[in-house]
Amino acid sequence: MKKSNLALAATVSTLIAVGSTLISAPAMAASKEKCYGIALAGQNDCATKTSSCAGTSKVDNQSDAFIAVPKGLCGKISGGSLEPKES
């Protein structure tokens, strides 16, 4: 009986953790913006035209690679752009 109570407690804890993550994710996304042209090689947040997934940009400041930054910050970063740059 103690094992089933422990398993139930673990399951409930996991569901609470997952639920709170799902609820806060959209709020966090709304406070971020994509900033192109400032990511270091291998530090981009998502796929680009020339790389298949996050962390695969080939060069520093790759024009189509972005990182998520707090809203309003990209325009203050030298070389930052809210749109992919022409290569």
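Visitor: Is the disulfide of Cys35 and Cys74 right-handed or left-handed, and what is the torsion about its S-S bond?
Guide: This is a predicted model, and what follows is computed from its atoms. The sulfur atoms of Cys35 and Cys74 lie 2.1 Å apart, which is within the 2.5 Å that defines a disulfide. The disulfide is right-handed, because the torsion about the S-S bond of Cys35 and Cys74 is about 75 degrees.

Visitor: How many residues apart in sequence are the parts that this pair ties together?
Guide: Cys35 belongs to strand β1, residues 32-36, whereas Cys74 lies in the segment after β2, the strand that spans 66-70. The pair therefore ties together parts of the chain whose separation in sequence is 39 residues.

Visitor: Are Cys35 and Cys74 buried or exposed, and at what relative accessibility?
Guide: The cut-off that matters here is 20%, because a residue under that relative accessible area counts as buried. Cys74 has a relative accessible area of 1% and is therefore buried. Cys35 also counts as buried, with a relative accessibility of 0%.

Visitor: What pattern does the chain follow when read along the sequence?
Guide: The chain has one helix and two strands. Read along the sequence, these elements follow the pattern α-β-β.

Visitor: Where in the chain is confidence lowest, and what is the mean there?
Guide: Averaged over the chain, the pLDDT is 75, and 67% of the residues score at least 70. Confidence is highest in β2, at 95, and lowest in helix α1, residues 2-30, where the mean is 46.

Visitor: How many contacts does the stretch of residues 5-25 have beyond near neighbours in sequence?
Guide: Where pLDDT is low, the predicted coordinates should not be read in detail. Over residues 5-25 the pLDDT is below 50, and beyond near neighbours in sequence the number of contacts that this stretch has in the model is zero.

Visitor: Which residues are in contact with Leu82, leaving aside its neighbours within four places in sequence?
Guide: Leu82 lies in the segment after β2. With neighbours within four places in sequence left aside, the residues in contact with Leu82 are Glu33, Lys34, Tyr36 and Cys74.

Visitor: Which residues does Lys58 touch, not counting residues up to four places away in sequence?
Guide: Lys58 is found in the loop between β1 and β2, and with a relative accessible area of 59% Lys58 is exposed. Between the C-alpha atoms of Lys58 and Asn44, which are 14 residues apart in sequence, the distance is 9.5 Å. Not counting residues up to four places away in sequence, Lys58 touches Ala41 and Thr50.

Visitor: Which residues are in contact with Thr50, leaving aside its neighbours within four places in sequence?
Guide: Thr50 is also found in the loop between β1 and β2, and at 55% relative accessibility Thr50 counts as exposed. Leaving aside neighbours within four places in sequence, the contacts of Thr50 are Lys58, Gln62 and Asp64.

Visitor: What is the phi of Asn61?
Guide: Asn61 lies in the loop between β1 and β2 and is partly exposed, with a relative accessible area of 48%. Although Asn61 is not a glycine, its phi is positive, at about 60 degrees.

Terms used:
Residues are numbered from 1 along each chain as its sequence is written. This is a predicted model: local features need pLDDT of at least 70, side-chain atom pairs count only at pLDDT 80 or more; totals for chains, interfaces and linings use all residues. Side-chain values use heavy atoms; hydrogens and water are left out. Helices (H or I, at least four residues) and strands (E, at least two) are DSSP runs, numbered from the N terminus. Buried means under 20% relative accessible area, exposed over 50%, partly exposed in between (1.4 Å probe, protein chains only). pLDDT is the predictor's confidence in each residue, from 0 to 100. Contact means heavy atoms within 4.5 Å.
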